[in-house]
Amino acid sequence: MQGLIKYRRTRLPVAWLSAIALSLLLGSWLLIQGQPRAAAGGALPTLHGKGAIDLSALQAPAAPQRTLIRNAAFILTMDPALGQGDLGVIKEADILLTGDTIAAVGKNLQGNGAEVIDATGKIVMPGFVDTHNHLWQSLIRGCGTDKDLNGWLGACVFPLSGFNFSEADVYAGVRLSTLDLINTGVTTTVDWSHAFTPTFTRGNIQALSDSGLRFVFAYLGSADPAVINDMRLVKRTLIDPNPRATFQVGSHPGTADIFLPNLLAMSRLAKELRVKLHVHLLENISQRNDEAFKALAQANALGPNLLGAHGIHLTDEEINILADHDVRIMHNPLSNMRLASGVIRLPALKQAGVQVGLGLDGGTNDTSDMFNNMRAALGLQRATSLQANIVPTVNEILRMATVGGAKLLDMSDQIGSLTPGKKADLIVIDPGAVNFAPNFEAIPQIVFNTQTQNVEWVFVDGRVLKRKGKLVGVNPDAIMKDAQKVADRIHQFLFP
Ligand SMILES: [Zn+2]
């Protein structure tokens, strides 16, 4: 989904040019000017949100020293140097984890006292890399399901600029989303946060930290010095000390006065902090009016540190600009379908050499299901081209969802493949289920047959976050109950 601030300030789509819509937008815009984030330079909420949340109960258990996953039917290493083909497949093999690291992959490995997991008949692969998401938006699941992007934002998102989120409110939503992500085998997520207030930001990051996931926090900023100071503070104090966390700067590209000063400031800040600049790029056709590429050029932002979510309504010339500057694109097919946004030109992007990853994109993917996401990415191209062998192929989509996402984030030295020495972020899929069996061609079946409940084990940094189909170290019922209370309040606020 597009950034809230961007839409609040954008030129209005035709459908919005009514007095009511205009007053809503102006009202929202005025509200954000008075938002507590202006107080970012003042007293900040505590990191550990004392009171409402018992954080100690949510910590995942410590990593076992050694884990041997034995006798998997297939290990998709995603490293062609380790196995067959571009997926690096090894049949009937083992994988040994030591601490947070992959120690070895191959046949007949010795555990030497390791905890042994029998993976007979099962599939092991790297965890998924979700390159674009908005985790707080689980709190508005099911909202505006008959609306396009602009309609959904107007009904479900814009008005929330006036909702007073507590740290615990945001925590509940984000934590719920992390459970959904772990369930479907995501091990790294990029959470592009609206960061409405410092309080919102702290609840958001606390939930990510407690989840055990590897995460990237993309903080939507502005030219406001107080906001910029808070971004520096958040990176230094909440992100950098966490080995599983990475910081990005969020912004929106446009040449209008309401966008450009913010984009210039955020492009500068991303360079100062040596992190990526993460924007929404031409998601809806109405955004052609924003002159995104002109703005990005003016901000000196075109380059390998620029991440563009969606990239749907691109011209041939713009695709060449992306390729020439190694700008990366995050594709969110479930969201694009739900919001009637359009179909990405994936074959053209691929042919030009643009790196593309997969993302789940917040509330309008409805459920964080990476298997549905892969099927949708394949299906959209086939359905619109009438070709079954078009980009992406099954292997391409599996790579895009794992090592491709890792490369796009410049994290492939750590994650994305099961190469010894990399972090032990991986999943075990059980194909012995009514929606998957029999094993006819197991690898394409990962894309076409797998459902979230077939993900049996999830490891991040060698720590088990899902064991035998159950989430570890967390009480999902309690988190759902907390999220329900917030959702009830939001519902009442939006639809009194
Ligand atoms: Zn988005």
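**Group meeting: a walk through the model**

Hi everyone, let me start with lysine 470, which counts as exposed because it has 10 C-beta neighbours inside 10 Å. For burial, C-beta atoms are placed from the backbone: a residue is buried if 20 or more other C-beta atoms lie within 10 Å of its own, exposed if 12 or fewer, and partly exposed in between. Lysine 470 is found in strand E17, residues 470-471. Its C-alpha atom is separated by 9.6 Å from that of valine 455, 15 residues apart along the chain.

A quick word on the source. This is a predicted model, where local features need pLDDT of at least 70 and side-chain atom pairs count only at pLDDT 80 or more, while totals for chains, interfaces and linings use all residues. Residues are numbered from 1 along each chain as its sequence is written.

Helices (H or I, at least four residues) and strands (E, at least two) are DSSP runs, numbered from the N terminus. Two strands pair if DSSP finds at least two bridges between them.

Now, the open sheet. Its 8 strands follow the order E6-E7-E8-E9-E10-E11-E12-E13, with parallel pairing. Strand E6 (128-133) and strand E13 (356-358) each have a single partner strand, so one side of each is left without a neighbour in the sheet. From one strand to the next, the twist averages 25°; angles run from 0 to 180 degrees between N-to-C directions, and axes are lines fitted to C-alpha atoms, for helices over the stretch in contact. Strands E8 (214-220) and E9 (245-251) are joined by 6 bridges, and valine 216 has threonine 246 in E9 as its bridge partner.

Next, strand E2, residues 89-98. How many of its 10 residues are buried? The count is 7, so to speak a mostly covered strand. E2 runs antiparallel to strand E1 (66-76), with 8 bridges joining them, and isoleucine 69 has isoleucine 95 in E2 as its bridge partner. E2 also pairs with strand E3 (101-106) in the antiparallel sense, over 5 bridges. These two form a hairpin with 2 residues between them, and glycine 99 in the turn has a positive phi of about 60°.
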